[in-house]
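Work through the exercises below with the structure open. Each task is followed by a stepwise solution.

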4 protein chains.
Amino acid sequence: MIRVGIVGATGYAGAELVRILSGHPQVALSVLTSRQFAGAKFEEIYPAMAGRVKLTCEKLVVEAVCDKAELVFLALPHQLPMTIVPEFVGRNVRVVDLSADFRFNDPAVYESVYQPHSARDLLDRAVYGLSEVYFEAIRSAILVGNPGCYPTSVLLPLIPLVKAGFLELNTLIADSKSGVSGAGRSLALTSHFCEVNESFKAYKVASHRHNAEMDVILSREAEQAVQLTFVPHLIPMSRGMLTTIYVTPIKGVQAEDIRNCLTAAYSDQPFIRLCASGRVPDTLHVKGSNYCDIGFKLDKRTNRLILISAIDNLVKGAAGQAVQNMNIMLGIDQASGLLQVPYPL
Amino acid sequence: MIRVGIVGATGYAGAELVRILSGHPQVALSVLTSRQFAGAKFEEIYPAMAGRVKLTCEKLVVEAVCDKAELVFLALPHQLPMTIVPEFVGRNVRVVDLSADFRFNDPAVYESVYQPHSARDLLDRAVYGLSEVYFEAIRSAILVGNPGCYPTSVLLPLIPLVKAGFLELNTLIADSKSGVSGAGRSLALTSHFCEVNESFKAYKVASHRHNAEMDVILSREAEQAVQLTFVPHLIPMSRGMLTTIYVTPIKGVQAEDIRNCLTAAYSDQPFIRLCASGRVPDTLHVKGSNYCDIGFKLDKRTNRLILISAIDNLVKGAAGQAVQNMNIMLGIDQASGLLQVPYPL
Amino acid sequence: MIRVGIVGATGYAGAELVRILSGHPQVALSVLTSRQFAGAKFEEIYPAMAGRVKLTCEKLVVEAVCDKAELVFLALPHQLPMTIVPEFVGRNVRVVDLSADFRFNDPAVYESVYQPHSARDLLDRAVYGLSEVYFEAIRSAILVGNPGCYPTSVLLPLIPLVKAGFLELNTLIADSKSGVSGAGRSLALTSHFCEVNESFKAYKVASHRHNAEMDVILSREAEQAVQLTFVPHLIPMSRGMLTTIYVTPIKGVQAEDIRNCLTAAYSDQPFIRLCASGRVPDTLHVKGSNYCDIGFKLDKRTNRLILISAIDNLVKGAAGQAVQNMNIMLGIDQASGLLQVPYPL
Amino acid sequence: MIRVGIVGATGYAGAELVRILSGHPQVALSVLTSRQFAGAKFEEIYPAMAGRVKLTCEKLVVEAVCDKAELVFLALPHQLPMTIVPEFVGRNVRVVDLSADFRFNDPAVYESVYQPHSARDLLDRAVYGLSEVYFEAIRSAILVGNPGCYPTSVLLPLIPLVKAGFLELNTLIADSKSGVSGAGRSLALTSHFCEVNESFKAYKVASHRHNAEMDVILSREAEQAVQLTFVPHLIPMSRGMLTTIYVTPIKGVQAEDIRNCLTAAYSDQPFIRLCASGRVPDTLHVKGSNYCDIGFKLDKRTNRLILISAIDNLVKGAAGQAVQNMNIMLGIDQASGLLQVPYPL
């Protein structure tokens, strides 16, 4: 059993990592850290796991974590990971970082969206952890920047089509909708029950930080500059993310071409499910699982391709993909520990 | 007091009409009909109104309704109104029809989307009841085709900008999200609690019947053929509709131009509220009210205008706008009966 | 128009007072105070009321409020009102206090549950504002302690039966369920969306402060010591409270006696609705209204009377009853401003 | 691998059986039947399981099922199982029936609550499948009547205390609250989204059929006639059941005695978790799992014991307990296939 640790285990992404890793057949969860709850048993913070997770949360001491774990997950707010990742990497402890700190190879882009980066020299070694797309690079990475939830939902349906040259790249629009867990466990009026319940709204319209992340990856895959129009919305539910993408296909591209392209890219992938013609994804169908369901419709009338993806923002959008990346880094089956049967409702 | 009736009073739109009209200071609700609940007191069907609505539901007999009402609302599935509207109009009883049957002047368009129309000759006399836009025509109408909920949310923000010539009309995309009450009170798996709760999905992708309604009105206002890409989604909540519109402005149009145009169109309108810069609409802010809140952002980076509107699908999207149209037809204040103070949550 | 003010206008109870009083035909809302949002327009805090409420929130200065208002509502956390109520009363400004500070005449009881009381000498002059029961005393009060939400839902169905001597008083159990708005707008993990959504739980089991309030009033009405077993629960929804009461009736009491007793007590009351036999209350039927719906079932098999009440915790459980009390104090119709037609859903 | 079948696989309990059994390490799901969806792939009915469940739904033909399965689950409305169970049992195919048809040994009781029983002679051989309590009898049963969801939540906390003689048996009251999935997938206005959402209500007050089931079992364990007052309520959420029990303990019983009794009964049981003192169960903590969490408080003031249990109504309240019973019948670990790590939210 490979020993792994979680730094920042009591936020929602951290707790979801605890859930998945506790049931993983090839790893042993050996250390959990939490600033806020150091000293408390994990099961006191999340009584759902009473009797199942025996660990007590510790204060973060990097050496102590390195002694106990061969690979660590960082589930911290951005700006913190960059201060500790060098220490982990310096000790040859592999890292999957769920924040934005190591998603960008170019520090200038990171800094234009976030803040100054204090571990710039590590950015070259960091691999963007979109598992299905960067499998090979992840396999040999010591440091993975785990993708944001929105980028995961936008990039998976788009990348095969971008690479095939099927899209008018200046027409890309992504309208995303996310459950509230994406905002995390920190208290905020915007996550206060009565402000969210029976409410639906957009936020950070065309100004969300994930926009840069998507633009960088799309540009890399397209081998030209791509700029996406991106608007996120908040759904009054806990888990789930649906993205509706609008794009003009290049002349002559037919629905069949789209289907063939996506099938070729993903038919061997265990977590991408392409909906049959006439069917569309539903967040309920991926709740609690690592699946990304993808459907599409080519609107002949207006010549627009509508791509729709659904993920669980905490699983494929965070902890699940992080474990998938760990599996790849460890050279074990990428689906290991991630294949529990989904709930019918 | 003007006597008014509701045909189809026990569906959600009908019940919402009952609510609004029961509190209206200038009309008296004199007759309610219901196929399914004929003979039952309305308050037994909707106990929320116990002690407030005394009427008993009747079977529909057109003459009987005409004897009791000077104006009737029809809250029936489409295809039924066309069979009875001629009788009402023939007796000089004014009609506000909430179905699609009298929203199109051109029977060919209606028939291409719905089914054969059996009252084609009345279509010319029917006025499309988008209150703020067709105020003058509604004022003298004997028959109003009340707009669909989606068209209301799409057309109100767009029409002033279309008329101003500010938009590249071939770039129009509307991504709409609706609460479940829009699907009505008829039993269906798609409205079954556990299928909807904690679920978010698109439906009728680029194939919703409201698309034709929007195209016709946009084309009329643009004085050229306009085709909208339209995708509706279902939100796990009861009331509320949010529409996010993406469109490329013509060269040179600035955010200030957009704001000035919308302000000029709507500043005197009691039910249109333009959000301050940096603010966006939220369905929670219009729940239970006849307001349409509108916000926008001009994304300079991708040169796209993002317009967002929020309405309560049962009020401004159905019963509220129907009463507003009645007010206009009766020559009374268009806001009469519609100005109760909104709920903070 | 009588000028009234709200101290603590931006919490949920305060905002609900703003809503109701803004639409009240006989009063003018003249001043709003808020510690947290002093200087901000009320409509910026609650955009639902954009265009409807013009007031700006002020810092609390008692004299300034007294200059502007003949009656004030205090919607503050307990312990604060006792420090300012003496000043208002000293200036002959009438007060409806929504906190617990003036619900008890006996300071010892208050202090055993809350903390030391700094305005003990005013307790004798404070009237417990259960409108239907203490109408006469409220009418001449200068200071009303508005009841808690749970006590309102428990006491209204019980008091007539207690007074009639129909109940074995040592068998009283109340199992209450409340929507989340009862916990207010202050941030807390227990009101954080993902902790509440799809969750149902009890809290403060047999240790809620409202227990003492109920015991005092029940004892007063029974003219003997009564102790209620009380367990509150949290429902994953915004508004609404349902209480299920279990009690053994004294020998010989029939269902008809129960009905007659409740009917006699409440048939003239505008806000109490007794459900027909076989029907039970539903929080959805009272949402947004000042109604208290009451139903009951006498279980012959186990000889237990089951009483069920439903209220909107923010209306009859807080702001609505407060306005009802104001109406009574001002000598106007107790239902004034409180009779908007309820929503069907 | 033992081959098992599900008759009635497309209702919610059936689908939950499919989920659990598809991931069970010792059984192979070999046949699914569905009246409504015969001929359709299961994954078309529940797209959540796309790629995971390959079976196609068949029409029920008992011999065909018997050829394919050594044990069958019946997830049908009551009254149907009694017509087919004799055939299964006659062919030595073991049965776990999730309906009420085989929960009663005394046909007279069944018939007083449901309808005439056509397989009365099998009732003696049927074992009531409350796994923790009737483990030994289940082990050798050919036919198990799986408990109702409400009885499971009521009986598990009560039985050890009843057997210990700790309770005044004529004071038992259970106030239960259930998520909507308990009402199944059949269309009904009472499960229609807008009728349930933001609503909380009681139903079948002191007249629910599960009452008889609980009375029979409690009487058996108490060795005297016991009658419970029982009121179920509906929570606006999909999964979860919380029961609050009120009972007077006999003189001298202390909180410590209660805790010791429950600990002794359940400390070796994998699915019963006793909350630490001061903690209470939350349906969110058992969602999707087979756990029954139990907490309690002894209210010294009123001398009442308050017991609270939480289960997932579809798992421990239906499909999970059914699989637990299957495990026991097959002589394998009772927790097999049922121990996936719970979700933190």
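**Exercise 1. Locate Q79(A) in chain A and decide whether it is buried, partly exposed or exposed.**

Solution. The model is predicted.
Step 1: Find the flanking elements. Q79(A) sits in the loop that links strand 4 (71-74) to helix 4 (81-90) of chain A.
Step 2: Count neighbours. Q79(A) has 15 C-beta neighbours inside 10 Å.
Step 3: Apply the cut-offs. A buried residue needs 20 or more, and an exposed one has 12 or fewer. Q79(A) therefore counts as partly exposed.
Step 4: Compare sequence with space. Q79(A) and H117(A) are 38 residues apart along the sequence. Their C-alpha atoms are 7.8 Å apart.

**Exercise 2. Find the residues with the most contacts inside the largest nonpolar core, and list what V72(D) touches.**

Solution. 
Step 1: Take the largest nonpolar core. It holds 491 residues.
Step 2: V72(A), V72(B), V72(C) and V72(D) have the most.
Step 3: List the partners of V72(D), leaving out residues up to four places away in sequence. They are V4(D), G5(D), V7(D), V65(D), F88(D), V93(D) and V95(D).

**Exercise 3. Describe how domain 1 and domain 2 of chain A meet.**

Solution. 
Step 1: Domain 1 of chain A covers 2-146 + 316-330, and domain 2 covers 149-312.
Step 2: Take the distance between centres. Over C-alpha atoms, the centres of the two domains of chain A are 25 Å apart.
Step 3: Count each side. Domain 1 of chain A gives 18 residues to the contact, and domain 2 of chain A gives 24 residues.
Step 4: Assign the domain 1 side to elements. Helix 5 (107-113) and helix 12 (315-330) of chain A each supply at least two residues. Helix 12 of chain A has the largest share, with six residues.
Step 5: Sort the domain 1 side by type. There are 10 nonpolar, five polar and three charged residues.

**Exercise 4. Give the strand order of the seven-stranded open sheet in chain C, its edges and one pairing.**

Solution. 
Step 1: Read the order. The strands of chain C run 9-10-8-11-14-13-12, with mixed pairing.
Step 2: Strand 9 (201-202) and strand 12 (272-274) of chain C each pair on one side only.
Step 3: Inspect one pair. Strand 11 (residues 241-247) and strand 14 (residues 304-311) of chain C are antiparallel and joined by seven bridges.
Step 4: Pick a position. V247(C) lies opposite L305(C) of strand 14 of chain C.

**Exercise 5. What relates chain B to chain A, and which residues and elements form their contact?**

Solution. 
Step 1: Count the contact. Chain B and chain A contribute 36 residues each.
Step 2: Assign the chain B side. Elements of chain B that give two or more residues include strand 8 (173-178), strand 11 (241-247), helix 11 (283-286) and strand 14 (304-311).
Step 3: Sort that side. It divides into 18 nonpolar, eight polar and 10 charged residues.
Step 4: Compare the surfaces. 100% of the interface residues of chain B are also interface residues in chain A, so the copies meet through the same surface.

**Exercise 6. Which residue of chain D comes closest to the axis that relates chain D to chain B?**

Solution. 
Step 1: Search chain D by C-alpha. F193(D) comes closest to the rotation axis, at 2.1 Å.
Step 2: Compare the surfaces. 100% of the interface residues of chain D are also interface residues in chain B, so these copies meet through the same surface.

Terms used:
Residues are numbered from 1 along each chain as its sequence is written. Chains are lettered from A and ligands numbered from 1 in the order in which they are written. This is a predicted model: local features need pLDDT of at least 70, side-chain atom pairs count only at pLDDT 80 or more; totals for chains, interfaces and linings use all residues. Two residues are in contact if their C-beta atoms, placed from the backbone, lie within 7 Å. Helices (H or I, at least four residues) and strands (E, at least two) are DSSP runs, numbered from the N terminus. Ala, Val, Leu, Ile, Met, Phe, Trp, Tyr, Cys and Pro count as nonpolar, Asp, Glu, Lys and Arg as charged, and the others, Gly among them, as polar. Domain bounds come from an automatic or database domain assignment. Two strands pair if DSSP finds at least two bridges between them. Copies are superposed by least squares on the C-alpha atoms of residues with pLDDT of at least 70 in both. A nonpolar core is a set of buried Ala, Val, Leu, Ile, Met, Phe, Trp, Tyr and Cys residues joined through C-beta atoms within 7 Å.
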